[in-house]
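Trainee: Hi! Could we go through this one together, starting with the ligand sites?
Mentor: Happy to. Let me put it on screen.

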Amino acid sequence: MKDTLCRICNHKLAPIMSFGDMPIANGFLSKDEFDQEYFFELAIGFCPQCFMVQLLEQPDREVMFHENYAFFSSTSMRMRDHFQRYAEWVIQTYLPAENPFVVEIGSNDGIMLQFFAQRGIHHLGAEPSANVAQVAIQKGIQTEIAFFDEALAEKIVREHGQADAILAANVICHIPYLHSVVKGVKKLLKPEGVFIFEDPYLVDILQKTSYDQIYDEHVFYFSIASLASLFAQHDMEIVDVLPQNVHGGSMRYIIANKGQRQDSERVRLYRQQEEAMQIFSLDTYQQFCSHVEESRDKLMSLLREVKQSGKKVVGYAATSKSTTVINYCGITPDLVEYISDTTPIKQGKYSPGMHIPVRPYQEFTRNYPDYALLFGWNHAEEIFAKEQAFKTAGGRWIVYVPQVHVIS
Ligand code: DWN
Ligand code: SAH
């Protein structure tokens, strides 16, 4: 494992665990690209000084986010509803009645900004992956195709003025240069404005052994404690936190300039919970490693047992998270015949690393397998609701978060 310094406070990181060589999580590829596939060592560490859990090494941003980015946010109806509620809550709670301006970092295909655009609210998305950004632009959503950082924030201020709210979901934990992001946020926000973002929460990852949240794009695994330390360096503070039941357990953070807003009691309560979970102790992370290894061994024995009994298994949803599970566990195409996915850009390609074919969803419904391995476990509610017929036909689900088990 590499010797790396904390991206937040420069202290030397304590290594937690390595998952071995990993490909790009969203790097779905065709056969003729197999021999040029990019690999890096996926490993995480913990900062004993500011408590930030992070990747030791992250591939360059252009290798992950580009004009062929494979994740389109609007593939989940439940996430669409979630972002509609997020937008309405921001409008009611934080936007002034007169001429509000909202910026979203990592706006993807416009899943959240569409609800501001529909109301005629002045908005702007910063989204570097050109193909997903184009989908938003076609919907009439103002989008700057660029990575958000301090320089982009200055440009937005020059062209649009300062914002009342800067929003984000599942992107701040992707950006290694967070000091530049926070400096940009401070310049772009009106002094009384708010910066609101949500990301997978470290406590949920530890409690559920959801190690598949660990992949190239997710450079940070946030806690309130680690973020408090980041924002304190910029004279900002966390004024509220709201747990979210999406993407396997997320936390929404509301950040303001110091002294501008009263803190909610929730910040203190959830920090206490973090202490009770011992997120400051290296032992906790060592225990997490044993749970991850146990989960891998159980999943592999189950898949081998099912294969030996002559049953057919297919993967359900070619998620970014599945790249970690497939490559870390060593799931080969003889164990999982193909992965069903609804995203056209992934279909007809192969999964990163292990090269399991990705096929259109219709193939799943046309000829149900005996077992479906639920790579999209974070969307279980939505998926189980629409796959009643699979269950009625005798199909079984293999789930591995929080524990490896079969649902019949
Ligand atoms: O943080 C991130 C989150 C928000 O989204 C990004 N770094 C990348 C991405 O992660 P993911 O790929 O693990 O996201 P999801 O939402 O768990 O999975 C999306 C994939 O699942 C898409 O390829 C579509 C597929 N899917 C499907 O085939 N059938 C999804 C649903 C809900 C379905 O019913
Ligand atoms: N907010 C959406 C998309 C999350 S996927 C959702 O929750 O569904 C992460 C997105 O962040 C991708 O679309 C990626 O292109 C974008 N991204 C990555 N680095 C970024 C950066 N520095 N600034 C802005 N967006 C970024």
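Trainee: What classes of residue make up the shell around ligand 1?
Mentor: By class, seven residues there are nonpolar, eleven are polar and six are charged. Keep in mind that this is a predicted model.

Trainee: Okay, and which residues come nearest to ligand 1?
Mentor: Out of 24 residues around ligand 1, the nearest are Glu217, Lys321, Lys346, His379 and Lys386.

Trainee: Which helix gives the most to that shell around ligand 1?
Mentor: That would be α13, with three residues. Both α11 (320-329) and α13 (380-386) supply at least two residues each to the shell around ligand 1.

Trainee: What about polar contacts to ligand 1?
Mentor: Here are some. In lysine 346, a side-chain N or O atom is 2.6 Å from an oxygen atom of ligand 1. Serine 320 places a polar side-chain atom 2.7 Å from an oxygen of the ligand. Threonine 342 uses its backbone instead, where a polar atom is 3.2 Å from a ligand 1 oxygen.

Trainee: How much of ligand 1 does the protein bury?
Mentor: The protein buries 97% of the 710 Å² that ligand 1 exposes when taken alone.

Trainee: Let's switch to ligand 2. Which residues come nearest there?
Mentor: Ser73, Gly106, Glu127, Ser129 and Asn170 come nearest, out of 21 residues around ligand 2. By class, that shell has 13 nonpolar, six polar and two charged residues.

Trainee: And what are the polar contacts like for ligand 2?
Mentor: Serine 129 has a polar side-chain atom 2.7 Å from an oxygen atom of ligand 2. From the side chain of asparagine 108, an N or O atom is 3.0 Å from a ligand oxygen. With alanine 169, a backbone N or O atom lies 2.9 Å from a nitrogen atom of ligand 2.

Trainee: How much of ligand 2 gets buried?
Mentor: Taken alone, ligand 2 exposes 570 Å², and 97% of that is buried by the protein.

Trainee: Is cysteine 47 buried or exposed?
Mentor: Buried, because its relative accessible area is 0%.

Note on methods:
Residues numbered from 1 in each chain as written. Chains lettered and ligands numbered in written order. Predicted model: local features only at pLDDT ≥ 70, side-chain atom pairs only at ≥ 80, totals over all residues. Heavy atoms only, no water. Near = heavy atom within 4 Å. Polar contact = N/O pair within 3.5 Å; in protein donor to acceptor, adjacent residues only side chain to side chain. Areas by Shrake-Rupley, 256 points an atom, 1.4 Å probe, with all protein chains shown as cover. Nonpolar A, V, L, I, M, F, W, Y, C, P; charged D, E, K, R; others polar. Buried < 20%, exposed > 50% of the residue type's maximum accessible area, 1.4 Å probe, protein only. Helix = DSSP H or I, 4+ residues; strand = E, 2+ residues; numbered from the N terminus.
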